[in-house]
Every structure is written in structure tokens, then in C-alpha cells.
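Here is a short briefing to read alongside the structure. Take a look at the chains before going on.

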There are 2 protein chains.
Amino acid sequence: MSETEPDTLAPEVREDELDEDDLLKPEFVRAVLDAVEEERPEEARALVEPLHPADVADLFEIVPADRRRDLAKAIHDLVDADVFAELNDYVREELIDALDAREVADIASELDTDDAVAILEDMDVEDQREVLRAMEPDDRAAIEEALSYPEESAGRLMQRDLVAVPEHWTVGDVLDYLRGHDELTTDFWEIFVVDPAHKPVGTCALSWILRTPRRIPVGDVMAREQTLIPVDMDQEEVALRFQKYALISAAVVDGNGRLVGMITVDDVVHIIQEEAGEDTLLLSGAGDGDINEPIALTVRTRLTWLVVNLGTAMLASSVVGLFQGEIAKFALLAVLMPIVSGMGGNAGTQTLAVVVRAIATNQLTDTNTWRMVRREITIAMANGASLGVLIGLGTLLVFHNPGLSVVICLAMIINNLIAGLGGVLVPITLDRLRVDPAVSSAVFVTTLTDTGGFLSFLGLATLWGLGG
Amino acid sequence: MSETEPDTLAPEVREDELDEDDLLKPEFVRAVLDAVEEERPEEARALVEPLHPADVADLFEIVPADRRRDLAKAIHDLVDADVFAELNDYVREELIDALDAREVADIASELDTDDAVAILEDMDVEDQREVLRAMEPDDRAAIEEALSYPEESAGRLMQRDLVAVPEHWTVGDVLDYLRGHDELTTDFWEIFVVDPAHKPVGTCALSWILRTPRRIPVGDVMAREQTLIPVDMDQEEVALRFQKYALISAAVVDGNGRLVGMITVDDVVHIIQEEAGEDTLLLSGAGDGDINEPIALTVRTRLTWLVVNLGTAMLASSVVGLFQGEIAKFALLAVLMPIVSGMGGNAGTQTLAVVVRAIATNQLTDTNTWRMVRREITIAMANGASLGVLIGLGTLLVFHNPGLSVVICLAMIINNLIAGLGGVLVPITLDRLRVDPAVSSAVFVTTLTDTGGFLSFLGLATLWGLGG
């Protein structure tokens, strides 16, 4: 990668463009779009120029999809590599499609390896090859190597620009080396100390170097204990490790333990956010929930999930079908049964959300699994009993039917227990089977609470002779 | 705060204690607990000693609650301030309760202001006062000032230890200052340049200082554009700003624009994770979903939410009550009605998850709200039509009743539309009313899809004369 400018920091006050939540104001967006439409590109450029690259990227994301290319044409000199690095995947793909290989290669050359890889990994193999051909051999080699690692692995995330020095160097040697090599990266917060085989032996925060006299060897100020990231580690694990050990940067090593790259915390922050936020979307079956996704893809993702749920809903309703005779004789059963199944669904969703989060954040281990199960059963019993008594009393008050009250109370307790057990056991089992529990737990748990609710309520009602 | 040791980094390989997911092995935990129980504290200490403070904290979190105090007693010299900083809030409170004010004060004095505040803010006012009295005046003043800011604000999150220098200093002046003042913090990645009124005028990454000759003034290498954090900004906004502008650290300023503290990215990473992950828990009404929360508190939190849902479930079932006559005559209606309401619930949950995430990540702005609403309506129409046709054909095949098939098909389309509209309009409206959409959206949307499902299906069936 060629040297990039140190990122300019965001402006202190941009009251004309940004509101108090740091969002672009609608008036500002409209003014830019008007200038583009009325073919006054200078005006558009003058408006956009003061923005931070992250805000320029936001601008592209919030304007309607059919205006993005015109906007890009009008302010093309402001749409630099930094803006591309910040763009949403779908929006970036859209803009990249409008560029030729030479232009994409220029943009990729200006980026850190990890950002360049993010752009190239989504392209067709053919386009990708063309862009790579148009790049300098060095940049090309770095990207090709990164692309050789699995998707979402540390190898894709790391940058190869880093500062590594031998253990016998003094602080003075390091300072002279840094001052004498302008081509080195400026985006680093720690330097790595390596042995002759290029294996990391320690890490040294820049603040320690700044505070240490020139004559001291770096071996004396470095921390020998360090967190190394294997190049094939999944990015979610990388993020958890950064978080757990409060890392700023970490050395990435290959299978032989040799230093091959560095991951910095700013590359990890958006992964932490994505991985933590995606559970909400996965549990609901909304895919990755990207609002810039092409609408046909969104429909397909969500519909697939809904059709699976339709199957389970029909299964649950076939349970109701078994009791048609009782319902025909006593239609009140049909009125009350959705309460039992629905409340089970709510309780199951609560347990599921807690367990899925605990699994995702590495809080649930083999040691405390059984404790978690007992805990959820206790909670289910307490909530089931409370809700059962409440709905039982309510039913008695409204319908003056003691049998019906006892039946709905018992069914509520049973279905809460089913919900608690299902909510904790389904995701734990899926996790043991190496299936992401966020993706498929909800459908199993809902099936359990729907059928469990109908079966317990209508079954008990039949046994009690309520439909007779 | 007194000077803390630079954090030791996590050990490279700890195969005896950690599994491949970086979790403590059950064998290891059992060995430690056995040593504690059999009163061999030296053995327990020898086992725990090689662990990183974050892993010692994990150990306390995964052992049963009734073993934590004995463990703490056995390895008390290993339970230092760094371990306390990493502990889960509830577990920390439990351990702190067992200590006297003097011991808590010693631990708090060794921590950065933000970590000390995290410990003290959860204590009773009385205990807090006692601990503060036992602290050095300097530390005490820093913590009291931090506690004067609102909870979850930048003021609580920031540390007051930072390096600020005047603009006219040269790089050489900065190096000499840092080498000459051992009491300065070592946890910093950027230095702040201030004017005589102590207002920040620029930021300088340590890597720039390292690479610049001694004679150059810092004013020439600093970045003048910078992201300042107001001291009363909510921590969620702080986290979003760090993420958006890829910050490593940022200056915190008071109402007069004067530099009062610094926030570093490692303080923000766990907030990003918590805030992004909490939506799943909030949407389900599982509170903060902390598995170390006292069980009575968990029951209360979840039960409150379930009781609210019970109310809405009864509301929905009262809609069914309006059609008891039709159901008694044609019980098949009761069999099929949960499919329509349930599928609406699923579709509504999908839309809700996407919209809540978009709001939480600042992707939904005034400019693109209307586009989002149209997008969700389009998706709801497409999915509703597909599911409607599917269930209509299925019903025709199984029950050979064309009227019933048309009714369920139409009801499905209507309820999907209700789900899509509710899923997007409810959270947007709540957000405009400054209510957190993750907390209360689900109950409104479920109510809409339940009553909408029952009303559309049973209502259309009645109009069609199916129950006649």
C-alpha cells in the first residue's frame, strides 16, 4: 500500500451540516441534491468539501439510490479512498460498478490492505482480476495474499504495514529508524519486537518509547506477555479478544508463529457493533437487516424465514384441529387459547434473548451451563405461577367458570415451563452442534410454545370435560 | 489517581487454563474450587496466578455465587484493582460488600477515574461517602467530580489523566516533559494541544511525535480538526462518534470548551458491545439480561413485561370473543386464525428489528425516513401476497372450501401490511417522542398484529358468511 495521509479528524462544530445527533441535516442534503440536479457542481462541491469522509459516505447512503451516480459525478474529486472505506457495502458496490478497473485500482492502492480487501472481495472474479492487474505489483501481492485467507478471518482484517524491530535495538535506534523512513505507516499505536525468525517476542506502546531515554534497549521496556492473533481466527473471536483484553492493536501470526500483520482496534470496533447487533436481526429472521440492501434480496431473505414459520404455524394449528369438537361446543376455548400460546411465546423470547447474548459474549461456558438451565427453570416457575394465578382469577371474575379458571392457570404454568426449557436448551444444543443459535433458535422455540400452549390448554379443558 | 502499571498483555498460550474459544476450562475451574474447598490456598493461588486479570474476573463470574467469597479469601492478593475493573457489576458488588471502606478505597485509588467511578456509583450513598473519606484528597476530588456528572455520560467515562501541551512547544519539549514526569499516565495514544485558556486546539498522535525532528513545534504536526466530546454527552452517542470517526482517543470539554478529560477507545469498546447487544434483550423485555443479576430482580423485570403483554393478549382475545357465534358454528375458523395472527407477528418482528437497528446506529435520518416507510410497505406487500397465496392454496387443498381460502388469503395480506406499517411507524414515532424504541415497540406491534389478524380473518369470514 502507498502511504496514506493521517486521517483528518472530524470537525469540532459543523452546525450547518450536522444536527445534534451528528446526522446530516435534511436541508443540507436537499441543498446538495438541488445543486447536483441543477448542474451546479461547484456549489455541490463547496457544500460537501468541509465534511469528514465518514459524513460524505453517510451522504451517499441517505440520498435516494437513483441520485447516487449523479452525485458521485458532480463531486468526484471529493469521493476519495477514505470515503470508499466508510461506505456501506451495497452502496459501495453500486458506485464501484460505475467505475472502470483503472479507477478502482487507484482507489484501492490508496487504502490500507484491509479496506482495499473489503472493496475487492465483493467483486466478480473477473472484475477483481482486472483491478488487480491494474495495480502496482506490491499492492497487488498484499491484496492477493489477504484474499487467500478465509472470509471474515483475521487475515482479511489485518494490515501488513506495521513497525517491527529486533530486541537488541535501543529506544534511540527506534526513533532514528522511524524518523528516517517516511514510507512507514503512520497508523500505529504499538511497535512489535521480533526475534531473528520474525516471531513476536514483545509489544511496546508508543507512550513507553516516548518516556524512555534513548540508550535503553526496547527489550527492557516491552511487555513480554502479549495476545497474538492466529491469521485464520474468525473475526468475531478477534473482536471478543480485543474487548476482553482491552487491546489497541495486536500482532497477527501465521501457522509457524511468524509476524505477518497487525490488527488495530478501529478495524475491530465496527465488527463488535455488527456482531453484537446482528443477533436482533438474526433472531427475527431479517437477514443482515441492511437498509441499503436491494429490495428483492430483502424480500427473499425475509420470505424464506416466514415460509418456514408458516410451516410451524400450520403444525401448531393442526393441534387445535384435534379439538374442533370441543371448540364447537364451547367457543370460549378458542377465545382464550391464544393467550396461553402467546404468553409462552413472549416468555420463550425473553429466555432466548438472554441465552443467545450470553453465548455470543462468551459468558456461557461448560462450567456454568447447568446453573443457567436451573436459573431459567426457576424464573419460568415463578413467572408461570404468577401469570397463571393472574389469568385464572381474571377468568373466574369474567366468566364465573371455576373449571375454566383452573385449566387456564395450569396451562399457563406448563407453557411457561416449556418456554423456559426451550428458550435455554434449544440455543445451547444448537451451539454445541456448531450451528449459530441466533439464526434458528426462534423457530424451534415458537413451535414449542405454540403447540405447547394449544395442547396444554385444550387438552386439559377436554380432560376436565369443559367441552362436554 | 496514582500511577498504575502498564497493563500486562494476555499470555500467548494458556492451554492448561483456556480452551480454543479463550474460555476457562471446566477442569481448571474445578481444580481451583477444589483447592479452595480443601483449604489449600497456596495451590489455588498457584493455579490462578498466571491468569490475565480479565480471566481472573471471568473465573469469579462463572463459579457459583456461594463460592465466590471463599475464592476471594483464598486468592485475595491476586484480586487486585485490575480484576475489579473487569468484573461484572453484580459480581463486583457482591465482593465489594465483603470488604471494608479502607480496602475499597485502596482498590479505587489504584484505578483510573472511570473504573473507580464504576465501582463507587453503584454503592449506597453512605458506603460511598465512607470510601471517599478513606481516599487521598486528590483521588477523592477526581471521583467526586466524575460522580457529579449524569450517569452514562461522558463525564463518568472519561479519565482526567492526560497529556496536554501548549501550541508553541516543540517536539523536543514534549519528549523532555514526558521523560521528566514519571507521575504522568502511561495509558495514552494521543496528546492534546491547548491554548492558554486550556481549550483544545489540536490533537497529535504519538506516532507523529515519534517521527518528527525535535525542533519542530507541535502546532505544525498536530491535526487541527478534531472531534470534541461534550462532558454531558450520553455514552451511546460517544460510542457512535468513536465508531464513525475511527477515534483512538478524544478530548472531553466542559460547557466553556475547556479540556477536562480524555476518553480512550478501550473504555468505549464495551459500551459499543453493550448498546448494540441490548436491543435484542430490550425488544424481548428481558431487561439488561445479565446472567449474574440476582434472580428476584430478573423475575421482577421479566414479569412486569409479561403482565403488560398479558393485558394486550386479553385485548386481542376479546376480539375473538366478538365472533364466538361464528366459531361455534364453524370451528375451523379457530384452527386457522392463529396462523394469520402469528405470521403477522413474525413479519412485524422482522421489520421492527431492522428499524430499531437503523435508529440505534444513526442510519435512519429525517432525509430517508419516508423512503424507509415505502420500502417496508413494498416488502410487506410482496411477502403478504406470497404468503397469502400459499396459505390460500394450502387451505383449498386440505379443506376444499374456496370461500375459506379467499378469506385467509386476504386476511394474510391485510395483516402483513399491518405488520409492516406497525413495524416501521411505531419505532419511528416513539423515537420522535424521545422514547427508546427498543423498549416498548414490541408490545404495540404485537397488539396490532394479534388484533389485526383476528379481526381481519374472523371479520372477513363473517362477511363471507362462512360461519352462517
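The points below cover domains, a record annotation and aromatic pairs.

This is a predicted model. Chain A is assigned domain 1 (26–153), domain 2 (164–277) and domain 3 (294–463).

**Domain 2 and domain 3 of chain A**
- The C-alpha centres of domain 2 and domain 3 of chain A are 49 Å apart.
- Four residues of domain 2 of chain A touch four residues of domain 3 of chain A.
- About 260 Å² is buried between domain 2 and domain 3 of chain A, and carbon and sulfur atoms give 40% of that area.
- A:Glu236, A:Leu240 and A:Ala276 supply 84% of the area that domain 2 of chain A buries against domain 3 of chain A, more than any other three residues.
- Between domain 2 and domain 3 of chain A there are zero salt bridges.

**A record annotation**
- An unreviewed UniProt entry places the feature "domain: CBS" at residues 222–280 of chain A.
- Over residues 222–280, chain A is 44% helix and 24% strand.
- The end C-alpha atoms of residues 222–280 of chain A lie 41 Å apart.

**Aromatic pairs**
- Two aromatic pairs are counted over all chains.
- A:Trp169 and A:Tyr177 pair edge-to-face, at 5.3 Å centre to centre with 70° between the planes.
- A:Trp169 counts as partly exposed because its relative accessibility is 21%.
- A:Tyr177 has a relative accessible area of 21%, so A:Tyr177 is partly exposed too.
- In chain B, B:Trp169 and B:Tyr177 form an edge-to-face pair, with 5.3 Å between centres and 70° between planes.
- B:Trp169 is partly exposed at 21% relative accessible area, and B:Tyr177 is partly exposed at 22%.

How values were computed: Residues numbered from 1 in each chain as written. Chains lettered and ligands numbered in written order. Predicted model: local features only at pLDDT ≥ 70, side-chain atom pairs only at ≥ 80, totals over all residues. Heavy atoms only, no water. UniProt positions renumbered as here; feature names shortened; annotations may be inferred. Helix = DSSP H or I, 4+ residues; strand = E, 2+ residues; numbered from the N terminus. Phe/Tyr/Trp six-rings, centres within 6.5 Å; stacked < 30°, edge-to-face > 60°. Buried < 20%, exposed > 50% of the residue type's maximum accessible area, 1.4 Å probe, protein only. Domains from an automatic or database assignment. Contact = heavy atoms within 4.5 Å. Buried area = accessible area lost by both parts, 1.4 Å probe. Salt bridge = Lys/Arg side-chain N within 4 Å of Asp/Glu carboxyl O.
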